Amino acid sequence: MRTISPELMRAIDANCTYFGLLPLQLMENAGAALAREAKRRAPGRRIAVVAGKGNNGGDGLVAARHLAEFDVTVFLIGRSKDIATEEARRNWAILERLGFDLREVRDSTDLEPLSRYDLILDAIFGTGVKGSVRGLEAAAIDAINASGKPVISVDVPSGIGTDRSVNSDVTVTFHSPKEGIPGEVVVAEIGIPPRAEFYAGPGDLALVTGRAADSHKGQNGRVLVIGGGPYSGAPALSAMAALRAGADLVTVAAPESVSTTIAGYSPNLIVRSLSDDHLSPEDLGLIRGLLPSHDVVVAGMGLGRHPETREALAKIVPECERVVLDADALLPGIPLKGIITPHESEFRRVSSIKLPPGRVQRETLMAFARDMKITVLLKGKVDLITDGETIRGNDTGNPGMTVGGTGDVLAGIAGAFYGRLRQLRRRRSGLRGEGLLPPGNRPHREYTPGHDAMKPKRPLMNDGVEQEGGGPVREDPYHETSRGGMVEITDKPQVARWAVASGVIRLKGSTVESIRKGAVKKGDVLAVARVGAIQAVKETPRQIPMCHPIPITGVDVEFVLLTDRIRATVSVTSFGRTGVEMEALAGAAAALLNVWDMVKYLEKDGTGNYPSTCIEDIRVVEKRKEYV
Ligand SMILES: NC(=O)C1=CN([C@@H]2O[C@H](COP(=O)(O)OP(=O)(O)OC[C@H]3O[C@@H](n4cnc5c(N)ncnc54)[C@H](OP(=O)(O)O)[C@@H]3O)[C@@H](O)[C@H]2O)[C@@H](O)CC1
Ligand SMILES: [K+]
């Protein structure tokens, strides 16, 4: 399952605010979803909500309100006057007015009653936890773990990633699964619009612009701009943009003819003169000397297309640890690396791919980035940014941005942000996935016959009737039930669904060339493969017995031809009760099998075998429930 980091989640949250969606609205949805899950699983009438003073606690307070038919007690860790957020304060005040049983925990003895409840909702903290857990919060975690009662954690088990965390039975996490949550995870939608996640917004900007108070010179990135020759404005704009975007040091390596002009833009720029009126292999010594003292190189702006410039770039680029390639660095013969910032025709120049319109464009771009192991920032009316795994858009441009120089500015900004990543990563590493499970943490409890905490239950205990023998019945009406192996989906809502799958067939370079030229004996390889894929999508339930027959409303098949392989990407749309990823996978596999079938005679060796042909990397690229 794809997970999301806490900081990215906060960025999405901030993007929601940008669209006018209030945190209070999201909190209401979160608390309601949590309460639904608690009702499904409630092993008895008494529910304790252990709430911290942040928004995670706020989610718990909303849930308490939605669980009014139970005996709910809220244990607030600390004093209500110290509740940290407006949203959580408001929900506390509502519960007060409604006469809920609210208790302020002042010392650890106030937590002793926890073992008397049938279910504990752990809302001490979520993604906002920092450092090692201190004070009453630590005592609350210990008390929950010692209670022996079933625990549902809100968003994440409180304290995860620190030295002390709640051992929960189930975590109801919001929007996307967070990194490193052990055990059962239920993902609840809370109304975050796909736009807030797809389009870069203020939350994303905050991720790359924060400066540590204790950072010193150079820690916020050192950028080397290699540009200029026929033009001086382009590298100067990139360099100035890198400074404005927060880089600590910006050096420009430019031909002598323009270096004085560039230096005149700002006293903050360090300018080094190249040997001639253009970048050439003679400058390699100078550039190599500058590389170790810079975090990132931004190259290409105004360099011109002198063959010697290309030759020099072809040698420099592989030696750069991080590089942003723009404009004249995007030419055949210069390797692609790091981040490239082409517009559509530059993209075609370096990839030989004419980007198709619509959604398939995104898939093609992602496949290219993945295959080349680079990040592509495609400039356009809506900029698209992908590293092959994720794709994001930026629609904040306007027609005024078609003037010269905006691309140079963008390359400089990209360089500044790229150069700062290492420091940002270090600062955030305490929260990141790998570290989320502290050593020595008690392992997650499994459902075992002897442990009755959160085992599957029979229907809700809303009526307060004790279950036979005081224990739960091993049956869960809320689990998807299976009949003959096929999942019952009758009660699932009908929504628009979309899935994209892709895969690669590795071929000889000469075979790809024959396909490209339309010179394969059996006929048009890609046309046949496309029809084969469409047919396979429609026939999926016949091939995969447990798949439901569902109405397919659209199939798109796209091929990207690289020198020694072809990537097929299949997008499938439907309107129904279950997803279409198996259909997309079947389509991608069929497309590749058809390619293989069409070119067998070109791929076989003298013994009739296929020593190098290989189908690989078939996977679901993306799956959504609703269109953006
Ligand atoms: N993202 C979304 O879209 C949505 C997010 N939502 C929810 O918000 C949650 C994030 O909320 P959040 O940012 O307020 O942080 P949260 O986890 O409550 O923790 C802050 C509190 O913990 C305290 N504290 C921190 N470290 C501590 C320590 N080591 N030891 C002791 N105390 C410590 C800290 O105290 P302070 O450091 O300020 O003194 C503060 O009181 C998220 O997980 C989700 O549940 C939903 O409402 C809906 C939409
Ligand atoms: K929690």
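Predicted model: local features only at pLDDT ≥ 70, side-chain atom pairs only at ≥ 80, totals over all residues.
**Stop 1: the potassium ion.** Select ligand 2, the potassium ion, and display N56 (OD1), D122 (O), F125 (O), V154 (O), V156 (O) and S158 (OG), which coordinate it at 2.7 to 3.0 Å. The angles among the 6 donor atoms run from 64 to 174°, and the site is irregular. Along the sequence, the donor residues follow the spacing N-x65-D-x2-F-x28-V-x1-V-x1-S.

Stop 2: Are N56 and V154 buried or exposed? N56 has 8% relative accessibility, so it counts as buried, the cut-off being under 20%. V154 is at 0% and therefore counts as buried too.

**Stop 3: the sheet.** Now colour the strands. There are 7 of them in an open sheet, in the order β3-β2-β1-β4-β5-β6-β7, with parallel pairing. Ignoring direction, neighbouring strands are turned by 20° against each other on average.

Zoom in on β4 (residues 119-123), which pairs with β5 in the parallel sense over 3 bridges. Select I120: its bridge partner in β5 is V151.

**Stop 4: the helices.** Show helix α2 (residues 23-41), which packs on the sheet and touches β4, β5, β6 (170-174) and β7. The direction of α2 makes about 165° with that of β5. Finally, select α3, which lies across β1 (46-51), β2 (71-77), β4, β5 and β6 and runs at about 145° to β4.

Definitions and conventions. Residues numbered from 1 in each chain as written. Chains lettered and ligands numbered in written order. Heavy atoms only, no water. Donors = N, O, S within 2.8 Å, 3.2 Å for Na, K, Ca; no water. Tetrahedral: all angles 85-135°; square planar, octahedral: opposite > 155°, others 65-115°. Buried < 20%, exposed > 50% of the residue type's maximum accessible area, 1.4 Å probe, protein only. Pairing = 2+ DSSP bridges. Helix = DSSP H or I, 4+ residues; strand = E, 2+ residues; numbered from the N terminus. Axes fitted to C-alpha atoms, helices over the stretch in contact; angles between N-to-C directions. Contact = heavy atoms within 4.5 Å.
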